[in-house]
Structure formats: structure tokens, C-alpha cells
Amino acid sequence: MNSRKATAVLALATALALGASACSSSDKTTDKGTGTSAGTDAALTQVVNKSDKAGGTVSYEHSDVPDSLDPGNTYYGWVQNFSRLYGRTLVTFKPAAGAEGLQIVPDLATGLGKASADAKTWTYTLRKGVKYEDGTAVTSKDVKYAIERSNFAPEALSNGPTYFKAYLVGGDAYKGPYKDKNPNGLASIETPDDSTIVFHLSKPFADFDYLATFSQTAPVPAAKDTGAQYVKHIMSTGPYKFESYDDGKSAVLVRNPQWTKENDPLRPALPDKITMKFKVNGVTIDKDLLAGAITVDAAGAGVQPASQPSVLSAANKKNTDNSYAGATSYVALNVNVKPFDNPDCRKAVQWAIDKTSVQTAAGGNVKGDVATTLLPPSVNGYSKFDLYPTPGNKGDATKAKAALTACGQPGGFTTNLSARSDRASEMAAATAIQNSLKAVGITVNIKSFPAGKYFSNFAGVPDYVHSHGLGMMMMAWGADWPTGYGFLDQIIDGTAIKPSGGNNLMELNDPAINKALSDAIATTDNAARTKAWGDIDKLTMENASVVPLLYRKNLLYRPPSATNVTVTQAYLGMYDYLLISSSK
């Protein structure tokens with residue numbers, strides 16, 4: 001099993017290395033204080049401004065609010081990254097530069113999972129002596145409970161992925177710890193002693209160690225759980241705990257005295273304090289970065305289009321990293337909102353959109369390459385193809401109008417397009433799409449929503465989508481882990497459709513696609529499994545409910561005062577929060 005994972009990671013690492021070399025620059029300098037090479041794109045392959053100096057404050061700002069800082073109730077990549085400061089998972093991605101950062105290593109567990117021959121039973125052994133911030137010991141029952149609350153209680157925690165629910169024996173019937181009265185919980189997660197946890201799956205799952213990296217496996221003591229309100233007092237197992245949390249405004253983390261370096265070899269834990277401010281205008285965040293007033297833009301999605309000229313100036317470019325994010329920006333066409341229940345109406349949009357104008361509006365080629373597939377090139381299983389080619393990627397009005405005629409809308413139609421209000425590049429891309437479709441008679445009304453509630457309250461809620469006619473939704477997605485399954489499952493599998501907090505915004509529930517996903521992840525032939533992801537991508541594009549826009553890049557800026565900076569591809573091409581510190 002480990003060799004298969006290594007192969008997947010190696011394939012991705014090779015793709016990333018090629019991508020990094022393609023966008024590298026000779027604009028290099030040397031930090032004379034450390035001898036560490038610095039300059040444009042330096043953090044893609046190494047740790048920049050190395051330092052072992054302890055102390056100081058790392059300051060983050062974010063343009064909106066998180067879906068939740070509760071490790072069991074989040075799906076944003078930046079929160080998965082950030083939560084590693086206060087939550088330890090069974091295993092995690094190694095805090096390291098370049099391809100090394102894609103390796104899975106033990107964290108709360110003593111090793112990677114031990115799999116049965118059929119990959120349906122997985123066993124982990126926990127480190128002894130790990131404690132919560134109040135001094136109580138962490139047990140395997142706490143990990144079991146954390147998974148139960150995060151996957152099986154959508155009435156309280158609706159934002160996270162549903163892999164455990166889909167694959168654990170009895171997961172489809174279990175009602176979660178808040179409704180289920182059996183004190184033993186879900187029988188398919190066994191805890192024979194305080195240090196052992198065993199998962200029994202209903203079908204083979206070769207990528208299970210990747211699931212164990214999710215923040216959903218960060219332990220939660222049942223006695224301290226308050227459901228949706230747990231975010232107000234999260235019990236830390238990492239080097240930092242919450243000193244304060246003001247919902248929607250700010251958070252402050254300080255050292256957790258119960259954490260020990262001896263029991264956690266992964267986290268340097270150099271800063272004394274970590275601060276976070278929410279609802280800061282994106283352009284203001286960029287100005288604060290350039291001024292050295294903060295250390296990191298928490299979202300990790302890159303600077304705003306308006307800030308690019310300043311960031312890419314001769315004085316500042318050497319402090320930038322233009323990282324491939326392992327992500328694709330796309331438009332989701334909801335198959336249950338008319339007229340997109342008709343595939344020809346979906347194809348009309350495919351042909352009409354001028355992707356080059358979308359790229360320009362989003363910020364140009366520094367924000368990504370024009371996409372023709374759902375899988376990005378940096379994910380294992382990518383296959384290059386284009387089912388809807390247009391000259392210069394600028395759209396084809398003739399083919400779009402023919403599709404409109406075929407779907408019974410020769411004069412066009414009116415629909416709504418959702419986008420996140422605090423993401424300027426996404427709003428600009430939405431406007432470009434609106435203009436493209438207007439040229440063929442499709443009228444698009446843009447509806448904007450805050451990023452922090454985009455999935456929990458709006459685009460990820462089918463009832464809201466249907467009642468408000470959100471036929472089109474702006475979406476960006478990165479791999480949950482670096483394989484085709486880790487990218488595709490939660491956005492195209494019908495079992496991933498949820499009452500709220502969902503990511504299958506198309507509400508795609510195609511039996512052929514569902515079966516292909518299930519069959520591929522169960523195969524023990526790595527080559528066949530890898531090929532399957534490209535085949536499934538093509539099936540999805542034939543359905544025409546996804547319009548790929550850009551293979552995303554993140555233009556990041558690192559203030560000179562930031563130390564131990566490196567890009568982590570495991571968390572969508574943002575900076576690795578476990579390593580970063582500050583000289584301030």
C-alpha cells in the first residue's frame with residue numbers, strides 16, 4: 001500500500017517540479033544573514049530566510065471569515081493548514097519544501113496506517129503522553145468521537161467532507177453522536193484500548209492514509225464538545241491554544257504549555273503568538289503585506305488584481321512566489337435548475353464563454369492557465385483533452401447559438417450566477433462571463449455572497465440554489481489529496497450532495513460517474529487506477545455541467561521580515577503555516 005502512495009506522490013512531485021521550472025526566474029538574491037537563497041519563486045522549492053529564533057508574533061489577515069476554525073467543521077484549505085497549529089491529526093503532510101512537503105508522515109499516530117490485504121481494515125496506534133491544553137490525556141476514543149461528530153452530524157457541523165460516512169461500515173445509517181443514544185457510537189470504528197483505533201470499511205479504499213490527514217481526525221473530548229459552539233473553545237493538542245476568539249472579527253493563539261517538542265517532532269513552534277483578523281479588505285491586506293505590517297494573507301489565494309503592479313514591481317518581485325495551486329477554477333451548472341436540466345443548454349454556455357477574457361479579468365496569466373479539463377495538470381491522473389475547443393479560447397458564438405436552438409432556447413435565456421463578494425478576481429471573472437454570454441443572448445445576473453458562508457448558506461445548499469435560480473455558480477477546487485480521486489470525489493459523486501455545506505454544486509448524480517469512481521478507488525492496479533481518473537474527467541466534461549476556466553496559480557508575497565517561508569502544495573500552493581515565523 002505504501003508503494004502505491006509513494007508512486008502517486010512521486011508523479012505529482014514530478015509534475016510540480018516541471019511547473020516550478022517553467023515559471024522560475026533568474027531574479028535571485030542571497031540572504032547574507034542565513035546563506036539561504038531568496039528571490040522570485042524561491043519558496044517553491046526551499047525554505048526561505050531560515051531561522052531557529054524563537055519568539056515574536058506571526059500576524060494573519062483574511063478578507064472574510066472561515067467556514068469554521070473547528071477542525072471538524074471546515075473544508076477550506078487554508079483552515080486545514082491553519083488548524084495544524086492547534087489540532088494534531090493521525091497523520092499529516094510533512095512540513096518541508098518542494099516535493100518533500102507532499103509526503104505523508106505520522107503525527108498523532110506513531111506510524112502510517114496498517115492496512116489489511118483487501119484495504120478494508122486500517123489500524124493506527126497513537127503516541128502515548130499527548131495531552132489537551134487542560135492536561136487531560138488524548139485517547140483513541142477522542143479520535144473516534146471527532147470523526148463521528150464531523151461526518152455524521154450535519155445538523156450542527158455541515159462544512160466538512162463526507163469520506164468517512166461514505167466508506168465506514170454502517171455509515172449510511174448512523175445518526176451521529178448528538179442523536180444516537182448508543183454510548184459506543186459507530187461500531188465500524190473500534191478502540192480496543194486507549195492507543196489503538198481500527199477502521200472497518202465497506203469497500204476497499206487504497207488512499208485511506210490521505211483521509212487520516214484531514215483535520216476531522218484531530219481529537220475532541222466528548223465531555224467538552226458543544227456542537228456548533230465548540231469553535232468558541234477548541235481543546236488544543238498542538239503547540240498553540242486559543243487565548244481569544246471573537247466570532248467574525250479576530251482570533252489570538254498563544255503557546256500551549258501541555259505541548260512538548262519531544263512528543264511532536266514535526267512542529268518547530270517558534271513564534272510566541274499568532275494573531276488573525278477577519279473581514280479585512282483584500283487590497284488592504286496586500287498593502288499591509290507590502291508594508292511588513294502582517295506576515296501572511298491567510299486565504300493563500302494570491303494578491304488582488306489591483307495590487308499586482310505594486311507586487312510585481314522591481315522592488316517587490318523578488319519577494320513573490322507564483323505557485324501552481326493544484327486547483328481549477330470553474331463554473332458549476334446546476335442540473336436541477338432550468339434550463340440547465342437540458343444538456344444542450346449547458347453546452348451553449350461551454351461554447352460561449354471567452355476564457356481568455358476570464359483569465360485577463362482575473363489578473364492575467366499570473367493567476368493561472370486557461371483550463372479545458374476539471375483535473376489540473378499537477379494532479380496524478382490528469383489527461384490532456386478539450387471537448388469544447390474554440391479559437392484562441394475566446395468562445396464560439398456559432399456553436400453556442402446552435403446549442404441554444406437544440407435546447408429549445410434559440411433566443412437565449414436568463415439565469416443567475418453566484419460569486420464570492422470578497423474575492424475581487426472571482427467577481428471580475430464573473431463579469432467577464434456575463435459579457436461573454438450576453439453576446440449569444442444569455443442574460444446573466446450576478447449574485448454575490450460572502451466567502452465564509454458561500455457553501456453553508458448559499459451555493460452549497462440545494463434548496464437555496466433551486467429557490468433562487470442559481471443556475472451558474474463560480475467555484476474553485478483543489479485536491480483533497482494529490483490523486484484524481486482526492487480531487488474529483490467530493491465535487492462530482494452523487495453521494496457528496498448534502499443539504500448544506502456541499503461542494504457538488506452541479507448536483508451531479510450520474511450513475512456511470514458514481515460507479516467509475518467507486519470502481520477506480522477499489523482497484524489494486526496503480527496504472528489502471530491512474531488512467532481511470534482521466535477517463536472520469538472526460539465523462540464529466542461530456543455531461544457539460546462543469547465549465548473549466550483556469551488552472552490556478554497563487555501570486556503570493558512574503559514580507560522580508562517573514563522567516564522559514566515555503567510553499568506547501570499539499571495545501572493548495574499556500575505558505576506552510578507550521579514552518580513560518582517572523583523576525584519581528
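Predicted model: local features only at pLDDT ≥ 70, side-chain atom pairs only at ≥ 80, totals over all residues.
Reader: Where is T196 found?

Author: T196 sits in strand β9, which covers residues 196–200.

Reader: Buried or exposed?

Author: Buried. Its relative accessible area is 15%, and buried means under 20%.

Reader: What does T196 touch?

Author: Leaving out residues up to four places away in sequence, T196 touches T123, Y124, S140, E190 and T191.

Reader: OK, the sheet. In what order do the four strands come?

Author: The order is β6-β7-β9-β8. The sheet is open, and the pairing is antiparallel.

Reader: Which are the edge strands?

Author: β6 (114–115) and β8 (189–193). Each of them pairs on one side only.

Reader: And how many bridges join β7 and β9?

Author: Five, in the antiparallel sense. Strand β7 spans residues 121–125. T123 has V198 of β9 as its bridge partner.

Reader: What holds paired strands to each other, in general?

Author: Strands of a sheet pair through backbone hydrogen bonds.

Reader: Which strands does helix α3 lie across?

Author: Helix α3, residues 140–152, lies across β8 and β9. The helix runs at about 170° to β8.

Reader: New topic. How many residues has the largest nonpolar core?

Author: It has 149 residues. Y60, W78, F82 and F199 have the most contacts inside this core.

Definitions and conventions
Residues numbered from 1 in each chain as written. Heavy atoms only, no water. Helix = DSSP H or I, 4+ residues; strand = E, 2+ residues; numbered from the N terminus. Buried < 20%, exposed > 50% of the residue type's maximum accessible area, 1.4 Å probe, protein only. Contact = heavy atoms within 4.5 Å. Core = buried A, V, L, I, M, F, W, Y, C linked by side-chain atoms within 4.5 Å. Pairing = 2+ DSSP bridges. Axes fitted to C-alpha atoms, helices over the stretch in contact; angles between N-to-C directions.
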